[in-house]
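Welcome! Here is a short briefing on how parts of one protein chain pack together. Take a look at the structure, then read on.

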Amino acid sequence: MAVVAMIMAGGAGTRMHQNIPKQFLTVNDRPVIAYTLEVFEKHPEVDVIAAVCIEGWENVLKAYAEQFNIRKLKHIITGGGSAFESIRNGVFELEKHFAPDDMILIHDGIRPMVSPEIISNCIRVAVRNGNAITAIPCPEAMMTTTDGFTSTGSYTNTNLKRTQTPHAFYLKNICGLHRRAIEAGITNSLASCSLMEELGEHVYFSDGSEKNLKLTTIDDIDIFRALLNTERASWLK
């Protein structure tokens, strides 16, 4: 079984309000996407890296891969008009190159702090159960609202999980899932895990981390910069 990391770099990053896509923003003289690719490049269980890239930036991504010695990157696939379409484009392209029982790890290119342990755990859970969705507990009180200013109710946080990436699937299963979505007229599910639920399937959780943050806003970039320069205190267990 080959393990293929499919890095999603297809977003425009409009919420960051920058002139270039956020996955190509430079932090400490390196683009965000290079940090993400490097984790999978160094992981011993990952055999191949594929990247789904925003249209027009494919050559930039290729140049960064060469600059930062990302040797496992073998496929650069043009993304679609949404994250959902980009994932579908990616898995359908990988289906042409890999076996049905190979495993695909779908990971956000803007989650550069993913750890080797998170990746390994995701693979283990998927091998055992058929899929794995990286997730963490939800310690905050969760409120619902209709106007953005006042509450309409609340959820018990013990029944909630905050999902992250990677998401792991056998290639035949994730491709089958997207074909079922086409038949059902589902065109823009929020994520692979929500698509599973919409189609009546269950997902299995693997362990994530608060450090595995998604770089969505400028505040997230500040946190990322801080994490890059922080070491865990020796007295912490």
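Leaving out neighbours within four places in sequence, serine 206 is in contact (heavy atoms within 4.5 Å) with Asn121, Cys122, Val125, Ala132, Ile133, Thr134 and Ala135. The model is predicted, so local features need pLDDT of at least 70 and side-chain atom pairs count only at pLDDT 80 or more, while totals for chains, interfaces and linings use all residues. Residues are numbered from 1 along each chain as its sequence is written, and side-chain values use heavy atoms, with hydrogens and water left out.

**Serine 206**
- Serine 206 sits in strand 11 (residues 205–207); helices (H or I, at least four residues) and strands (E, at least two) are DSSP runs, numbered from the N terminus.
- Serine 206 is buried, with a relative accessible area of 1%. Buried means under 20% relative accessible area, exposed over 50%, and partly exposed in between (1.4 Å probe, protein chains only).

**The nonpolar cores**
- A nonpolar core is a set of buried Ala, Val, Leu, Ile, Met, Phe, Trp, Tyr and Cys residues joined through side-chain atoms within 4.5 Å.
- The largest nonpolar core has 32 residues, and those with the most contacts inside it are Phe40, Val46, Ile49, Met103, Leu105 and Ile119.
- Helix 4 gives this core its largest share, 6 residues.
- Not counting residues up to four places away in sequence, phenylalanine 40 touches Ala5, Ile7, Val46, Ile49, Lys72, Leu105, His107, Val114 and Ile119.
- A second, separate core of 27 residues includes Phe84, Leu94, Phe98 and Cys175.

**Helix 3 meets helix 5**
- The axes (lines fitted to C-alpha atoms, for helices over the stretch in contact, with angles from 0 to 180 degrees between N-to-C directions) of helix 3 (residues 83–94) and helix 5 (residues 171–184) come within 10 Å and cross at roughly 130 degrees.
- That makes helix 3 oblique to helix 5; angles under 35 degrees count as roughly parallel, over 145 as roughly antiparallel, 65 to 115 as roughly perpendicular and the rest as oblique.
- On the helix 3 side, the contact is made by Phe84, Ile87, Arg88, Val91, Phe92 and Leu94, and on the helix 5 side by Leu171, Ile174, Cys175, His178, Arg179, Ala181 and Ile182.

**Glutamate 95**
- Look for glutamate 95 in the loop between helix 3 and strand 6.
- Glutamate 95 is partly exposed, with a relative accessible area of 32%.
- Glutamate 95 and lysine 172 are 77 residues apart in sequence and 7.8 Å apart in space, C-alpha to C-alpha.
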